[in-house]
Amino acid sequence: MLTWKTQLFAPAAVVVSGAALAVPAGYAATYLSVEQAQRTLFPGAALTPLGITLNAEQRRAIEGASDTRVRSAEQKIWRASGGGWFIVDEVLGKHEFITYAVALSATGAVKGVEILDYRESYGYEIRRPEWRQQFVGKTAGAPLKLDQDIKNISGATLSCRHVAEGVRRTLALYAAVLKG
Amino acid sequence: MPLCSKAEAGSGRGQSATTLRRARPLLGTFVEITATGASENVLGAAVDAAFATVAEVQRRMSFHDPDSTLSRLNRDAAAQPVPVDEGTWEVLRFAADLHKASGGLFDPSVAPTLQAHGFLPAHERVNSKETESARARGDFGDVEFLAADRRIRFHRPGIVLDLGGVAKGFAVDGAVVALQNAGVLRGVVNAGGDLRAFGPDAWPVEIRAPLEPGRRLLEVALRDRAMATSASTFSLVRDPATDRPVGPFVHPTSGRLADELLSATVVAPSAMLADALTKWLLLAPDAALSYLETASAAAFVVLADGTAQCSSNWHDALGTSS
């Protein structure tokens, strides 16, 4: 018959109240560079950057249609040679900074979404633009070592709500700027 | 440059293997797949197939999607039997078996109380009298299975099912099978903390502190089994009756929200089982404990006072010594 056994930890306290933690808190993973994501979502296609900057009217239209905020007028959009678009966007939540890519078909349907870079942090650095800047557009780093670099987390994890909102915003962007 | 790593020394054939790691937003969280031990092409195709099975589970069992099979059940099954697909049937049958084994404590038909507390969107009109009296609303025992043509009927009009407790685990298990069927025999599928490792490797897993999500509570090595953790970290509210923090885990007969444990972690052969057992543990840790052995499962829990306990078979289950 099973029984419960008390677990002892060093540090002994499981719940810490108030004091700042000495150990940096969070999770970080880089899955794909922009180039790798392009090859994954549009295999064999040539991608041409479109250099789109939104004007105020377009911004308002996108925000209104998607009920989200447009963080920057500059958009990272590429046109795919076989038709369709590849868009890179970032979402900044309270505890997360995520770079992701959306692939749209020629008719503006979502073909795929891939996370490029995922940063989860419970310290304050995520609110600092200069800290975030080091991750934007980064090429995937050193080769993944099977026994060292890969960490899995079990426990409270964040919802993908911000990325889902971002995909909604991308669809509104398509309707306002890319369609026809 | 693709992500590469050399194969572990054990293969001895000098064959270089690739490790692929991808994440997509699915099931309301991030689903992360790590796959290794095959060529990049094989891994890429296998990972795509695995994500497709997860997307399919989302299409069928998402509570938030009004067009899912689950939403169709919640809308129509009280009026007439609703046909379901094999996957949804399998999950509901599993839930029925565990509902019986747990004496009714594991019960996916608790959505109205969650809706009333604001944990779930209110697609359905919620009658406030019904949320006060959980018994009057009915429970999972009022879900009828018509096996001949795989249809489901609700015998009470107030029943609303939320499969969040098992659908994620089911999706993880299905993704592992998809990877294996595609020739990938080593890896991990992780859906927002519900994960399953498969193959001979021991994968490091960090269990998070329930009230401090960025802090590691415990690190274990998981080999060829599943782990799930249920905790209320991001969704705690204060229960006005007791003034204690509670999460969205509802006692099916009292209708009260559970507050004895802050989190429960289960290691089990499948992710669906691990996930479901965490829910039972949160409601009745001692009752669930006695079932763990039957299920080849083990548990680690954090109590409301911040102390931690593990089932006496926890270290055996993980193959560790102390």
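Tutor: Start with helix α9 of chain B. The buried residues of α9(B) pack against parts of both chains: β1 (4–7) of chain A, and β13 (261–268), α8 (271–283), β14 (298–303) and β15 (308–311) of chain B. Contact means heavy atoms within 4.5 Å. Helices (H or I, at least four residues) and strands (E, at least two) are DSSP runs, numbered from the N terminus.

A word on the source. This is a predicted model, in which local features need pLDDT of at least 70 and side-chain atom pairs count only at pLDDT 80 or more, while totals for chains, interfaces and linings use all residues. Residues are numbered from 1 along each chain as its sequence is written, chains are lettered from A and ligands numbered from 1 in the order in which they are written, and side-chain values use heavy atoms, leaving out hydrogens and water.

Which residues of α9(B) are buried? The helix spans residues 285–292, and Pro285(B), Ala288(B), Leu289(B) and Leu292(B) are buried. They lie on the same side of α9(B) because they cover an arc of only 110° around the axis. That arc is taken from the directions from the helix axis to the C-beta atoms. Buried means under 20% relative accessible area, exposed over 50%, and partly exposed in between (1.4 Å probe, protein chains only).

Now the chain around this helix. Chain B holds 10 helices and 15 strands. Of its 322 residues, 58% are buried. Take the contacts in chain B with a separation of 6 or more: residues 24 or more positions apart account for 57% of them. Chain B exposes about 12,900 Å², with 48% supplied by carbon and sulfur atoms. Such accessible areas come from the Shrake-Rupley method with a 1.4 Å probe; for residues, only the protein chains shown count as cover.

Chain A and chain B bury about 5,100 Å² between them, 58% of it on carbon and sulfur atoms. Buried area is the accessible area (1.4 Å probe) that two parts lose on being put together, summed over both. The contact takes 47 residues from chain A and 63 residues from chain B. Between the chains there are 3 salt bridges. A salt bridge is a side-chain nitrogen of Lys or Arg within 4 Å of a carboxyl oxygen of Asp or Glu. Lys151(A) forms a salt bridge with Glu206(B), and the closest N and O atoms are 3.1 Å apart. On chain A, the elements that give two or more residues to the side touching chain B are β1, β2 (26–30), α1 (34–41), β8 and β9 (152–154). β8(A) gives the most, with 5 residues.

Stay with β8(A). Gly112(A) sits in this strand, residues 110–121. Gly112(A) is buried, at a relative accessible area of 13%. Beyond its neighbours within four places in sequence, Gly112(A) is in contact with Leu41(A), Ala101(A), Val102(A) and Ala103(A). Gly112(A) and Thr40(A) are 72 residues apart in sequence, yet 9.5 Å apart in space, C-alpha to C-alpha.

Ile126(A) is found between β8 and α3 (129–133) of chain A. Ile126(A) is buried, with a relative accessible area of 0%. Leaving out residues up to four places away in sequence, Ile126(A) touches several others, including Leu92(A), Phe97(A) and Trp131(A).

Finally, chain A as a whole has 4 helices and 9 strands. Buried residues make up 48% of its 180 residues.
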